[in-house]
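Please look over the model below.

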Amino acid sequence: IPQVEAFWKQTDKAQQAFLDQSKCSSAKAAKITMDLTEKMIAVESLLSESQDLQAMDIQERLFHWEFMVKMIDSLKSYIPEECKCRLNTVSNILDHLTVKNNLSVRQKEELLTDLHRAFWEQLAHFSNECIQQSKDLILKRLECRAEKREEFKHRQKAEQGSLLSKTFHIEDVHDFLKAYHELLEKHRQAQWELEEEDDCKSTEAVADLYKELYSKASHALTELVTELFLQTLPVVTGLSVRECELLKEEWLENLVPQLEKWETHRQRHWKLFQEQLLQEKKLWIKEYALSAVMQKHLSDKQEKIIQGVVSRLGCLSDESVNYILQKHRLLLCSVLTRLTLRRVGMAALARMRLSRKKSLLQELREQHTLQKGSSPCQDEDQWQLQKAVESHILEEEEKLEEETQQTHLEFHQQLVTEIKEALQFLQQHMEQVIGRTLLQHARREAGKKSSDDGQDFKERLVEAAVESVYGTSNNINKLVQNYYQQLGKITEGYETKKLQQFKSLQAERSERNRLRKKQENELVLKEKQTKGLLNVSSTVHQRMVLQQKKVLSQFELQQQIRLESLKQKLLGLHHLETELENQLKEAEQDFVSELAALARVPVAVKKKPSKRNKPAGEKTNSKIKAFQSPELDDKDNSHENIQEPPGLTSGLCRERLHSSHEGETEPRKNSKDAKKQ
C-alpha cells in the first residue's frame, strides 16, 4: 500500500509538470489528468479481474495437486497391503497343515520366514527401480518443460512486440488496453494449461510405473507361492503333488474374498478423501464469497462518504466534482485489489497453520470408519473401544473448530487493521486532492474577477491620480503607511481567530474522543459482566460475529467523527476567509476613497451601504468609493489571501513613497514627474 501511495503522489505531480515544463494551459492539463485517471481505472479493473481468475486457478491447481498426490500414495500403499493379504492367506494354510501335524511349528516358521524374506527383497528391488525410474522421468519432463517455457517466452515477446509496434490513436487507448490485456491473459492461460498438461502426463507416467511395479510384485509373489506349494511342501510334508495343488487352489479361493475386502476398504478410503476435498472446496468458495461481500461493503461505504463530502462542496464545477469522484474511484479500486489479494493470502496462511491437525483428524476418522465397517459384529470390549474412539474424535473436532475460529478471528482482526491503514492512506490522499481542487477553483475565480475589472481599475485611477496636482508625496506616503498598518491589523486578527478556531476544534475533538472512550470502556465492562453467560450460551461463531459487528461499528463511528470534524473545520475556515475578504475589500475601498479625496480626483462615487448613516462630523472622503478592486492573490500558501492592490501600492504608491524621501522642497514639476514615473 505505501508503494501504491507513492505512485499516486507521482501521478499527482504530473499535472503540475504539464503546467511548468510543457507550458500547456490549466484546462488542457486537467483534461490530460482526467483522461489518465479514466485509463488507470480501466487498467485497475482489468487487473482486478485477472487477479480473481488467477486466485481461482491457483486454488483449482492446489486441489488438483492434492488429488494427484493422493492417487500416487494410494498406488504405493496398495502394493504392500495387497501382498500382505496374499501372505496372510498362505500363513493360514500353513497353520492348518500344522494343526494336522503335517508340519511342525518350526518348519512352518522357517517356510514363512524364507517366503517373506524372498518376497520383500524382490519387492524392495522393484521399488528402488520404480523410484529411480520415476526420478529420471520427472527430471526429463522438467527439462522438456524448461525448453518449452523458453520457447514460449520468446514467442510471447514476439507477439507483445508486434502488438506494441502498432500505431494507436488517443481515441483507441481503450481498445489497446483491452487487446494488450487479452494477449497477456492468453499467454498466461496457455502457460498455465501447458504446465497443467505436463503435470497430468507426469502423474500418469508415474502411475503407470507403479502399476508396472504392482504387476511385477504380484507375479513374483505368485511364483514364490507356486514354488512353495508345488516344490517345497511335497518334500517337507510328504504330501502328494495333487494334494499340494489342491492347497494352492484353496489359497486362491481364500484369497478372493480377502482381496475384495481390501478393495472395499480402499474404495471407502478414497471416498472419504474425496468428501474431505469437496468440503475444502466449499470452505474456499465461502471464503471467496466473504471476500466479495467485504469488498462490496467497503466500496459502497467509501462511495457514500465521498459523495457526502462532495455534496458539501457546492462551489465546485461539474468537471471538478467529476475529477474528485474519478480520482477516488481509481484509488479505491487500487486499494481494494491489493486488500483482496491480502485476504486470499491470509486464507492460505490459515489453511497452512491448521493443515497438520486437519490431516491427523482425517486419518483418525478414516481409521475409525474403516474399523467400524470391517467388523460389523462386535463384542462388548470392541464396542467400548469404538465408543472411546468416537469420543476422542469428537473432542479433537471441537478443539480443531475452536482453533479454526480463533485463527480466522486473528487473521480477520489483522486484516481489519490493514484495511484501516489503507483507508487512512486513501483519506489523506483524497484530502490533498480535494484541497488542490479547491485551491485551483479559488485561483480560477480570482483570475476571472481580476481579468474583468482589475486592469481597467488600475489604469483609470493611476492616470487620474498622476494628473492631479493636489496630492503631495508626504500625504500619499502617510496614506499608504496607514493602509499597510490596517492590513497588518486585519492579518493579525485573522491569524488570531484562525488559531482560536483550531484550538476550539481540537478541544471539541478531544472531548468527543474522551466521551467515545468512556462509552467503549462501559461497553467493555458490560461485556465482561456477561462474558460467562455468553461463553455458555453462545457458540464461537456467534462471538466472532459480535466481535466483527463491534469492530465495524467502531470503524463507522470513527469515520463519522472525522467527517464531522472536517466539516466544522471547512465551515470555520470558509467563514473566516469570507470575513477576511470583506475586511480587505473594505480597507481597499477606504484607501481608494481617501486617495481620491486627497488628490481631489473626480472619480465615480459609490456610497457603501454600511456607511450611509454616518454622522456629519466624520470624514467626507470616507463616503467616496472607487471601482471594485480585483481579487487578491494568495499571500499564504494555505489560507491567507492578502496582497497589496495590483497597480496601486505596487506602482503608484511605491513611487510616492520613493519620492517622499526627496522632501517637499523640490519643485512641483519634479513631484509630478515622479508621479508619472
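Is F591 buried or exposed? F591 counts as buried, at 2% relative accessibility (buried is under 20% relative accessible area, exposed over 50%, partly exposed in between; 1.4 Å probe, protein chains only).

## Basis

This is a predicted model: local features need pLDDT of at least 70, side-chain atom pairs count only at pLDDT 80 or more, and totals for chains, interfaces and linings use all residues. Residues are numbered from 1 along each chain as its sequence is written, and side-chain values use heavy atoms, without hydrogens and water.

## Aromatic pairs

Rings of Phe, Tyr and Trp (its six-membered ring) pair if their centres lie within 6.5 Å; planes under 30 degrees apart are stacked, over 60 edge-to-face, the rest tilted. The count by this rule is nine aromatic pairs. The Y78 and Y214 rings have centres 5.3 Å apart and planes at 50°, so this pair is tilted. Y78 sits in helix α2 (residues 26-99) and Y214 in helix α4, 136 residues apart. Y78 is buried at 16% relative accessibility; Y214 is partly exposed at 25%.

Y483 and F591 are stacked, because their centres are 4.6 Å apart and their planes at 25°. Y483 belongs to helix α8 (residues 473-529) and F591 to helix α10 (residues 540-599). Y483 is buried, with a relative accessible area of 4%.

## Helix α4

Helices are DSSP runs (H or I, at least four residues), numbered from the N terminus. Helix α4 has 65 residues (173-237) and should span 96 Å at 1.5 Å a residue (1.5 Å times one less than its number of residues). Its end C-alpha atoms are 92 Å apart, which agrees. Just after α4, G238 has a positive phi of about 80°.

Methods: Helices (H or I, at least four residues) and strands (E, at least two) are DSSP runs, numbered from the N terminus.
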